[in-house]
Amino acid sequence: MGGAPGALLPRGVPREVAGAAAMEAREAKEAQVAAWLKKIFGDHPIPQYEVNPRTTEILYHLSERNRARDRDVHLVIEDLKQKASEYESEAKHLQDLLMESVNFSPANLSSTGSRYLNALVDSAVALETKDTSLASFIPAVNDLTSDLFRIKSKNEEIKLELGKLEKNLTATLVLEKCLREDLKKAELHLSIERAKVDSRLQNMDFLKAKSEEFRFGIKAAEEQLSARGMDASLSHQSLVALSEKLAELKRQTIPLKKKLESYLDLMPNPSLAQVKIEEAKRELDAIEAELTKKVDMMEL
């Protein structure tokens, strides 16, 4: 910014002169900005803004860009006007040439001829040809035909892809339906199993309560029996153990009885057989005595 404190001044230029030049430049920019804003807003009031060197500089650059753009647009408009004038001159020349050669004018055409001519012109515009000659129409039509075939081929590919997608969608829908049915069945089975589990839990709670009740009852009965002086050998567990032992002893006597019967069948050496018989009898008597003792204890 010109006139800023501490700015370097050209050699030989007094500070007062430089400050005055900077002030004039800023005033010129402010005037240009004000004129540009008036041009932009026209009859509408210009919005209020803070006038300072920074805002003035920003608006000045915007006005310069706007002026440059206006110049470019003006040049484009002038170029288009010149081209339009050239086209009109060329059309006038062709029309005069047509009149001179065959004494033909578009104004002399019938309504059908005018429609054909307009259709020809519209076709040339649509095909973007430089003129209405066959040399321009044929390549344009060929290009359009190629584009048409390419688009048809692309459409066929899209149709095939669409068919595949439809099949996949159908399969997906069927699978989704099956999954929904399986999910319903699973939910039903889960609800049934949950009901069974709840019932079992209730039964388990009932059995736990009964077991606890029986445990306390057994404990109370044992305490009562203990208070009455009952022998521990007559408890249920002891009787069960004695019963198992009795069954085991009975199983052990079976081979002994068979052995004794074999000795009874022996004829030679009666004295030795008598000894063996006496031993077996004593062993059998001992077992029977033990059994009787155990049975008597159980009956008590």
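Q: Which residues does Leu59 touch, leaving out residues up to four places away in sequence?
A: Keep in mind that this is a predicted model. Once the sequence neighbours up to four places away are set aside, Leu59 has these contacts: Val33, Trp36, Leu37 and Tyr49.

Q: Which element gives the largest share of the largest nonpolar core?
A: That core has 5 residues, namely Val33, Trp36, Leu37, Leu59 and Tyr60. Two elements, α1 (15-41) and α2 (53-102), each give two or more residues to the core. The largest share is 3 residues, and the helix they come from is α1.

Q: Is Ile46 buried or partly exposed?
A: Ile46 sits in the loop between α1 and α2. Together with Tyr49 and Val51, Ile46 forms a nonpolar surface patch with about 260 Å² of accessible area. Buried would need under 20% relative accessible area. Ile46 has 34%, so Ile46 is partly exposed.

Q: Why are Asp79 and Lys83 about one helical turn apart?
A: These two form a salt bridge, with their closest N and O atoms 3.6 Å apart. Both partners are partly exposed, Asp79 at 34% relative accessible area and Lys83 at 38%. They are about one turn apart because they lie in helix α2 with a spacing of 4 residues.

Q: In which helix do Lys196 and Glu193 both lie?
A: Lys196 and Glu193 are joined by a salt bridge, with the closest N and O atoms 3.9 Å apart. Lys196 is partly exposed at 40%, and Glu193 is partly exposed at 28%. The pair is 3 residues apart, about one turn, and the helix is α4 (residues 134-227).

Q: What is the N to O distance in the salt bridge of Lys210 and Glu213?
A: Lys210 and Glu213 are 3 residues apart in helix α4, about one helical turn. Lys210 is partly exposed at 29% relative accessible area, and Glu213 is partly exposed at 48%. A salt bridge needs the nitrogen within 4 Å of the oxygen. For this pair the N to O distance is 3.7 Å.

Q: How many salt bridges does the structure hold?
A: Asp79 with Lys83 is one of them, and Lys210 with Glu213 is another. For the structure as a whole, the count is 9.

How values were computed
Residues are numbered from 1 along each chain as its sequence is written. This is a predicted model: local features need pLDDT of at least 70, side-chain atom pairs count only at pLDDT 80 or more; totals for chains, interfaces and linings use all residues. Side-chain values use heavy atoms; hydrogens and water are left out. A nonpolar core is a set of buried Ala, Val, Leu, Ile, Met, Phe, Trp, Tyr and Cys residues joined through side-chain atoms within 4.5 Å. Buried means under 20% relative accessible area, exposed over 50%, partly exposed in between (1.4 Å probe, protein chains only). Contact means heavy atoms within 4.5 Å. Patches are made of residues with over 30% relative accessible area and no salt bridge: like charges are joined within 9 Å, nonpolar side chains (Val, Leu, Ile, Met, Phe, Trp, Tyr) within 5 Å. Accessible areas come from the Shrake-Rupley method with a 1.4 Å probe; for residues, only the protein chains shown count as cover. A salt bridge is a side-chain nitrogen of Lys or Arg within 4 Å of a carboxyl oxygen of Asp or Glu.
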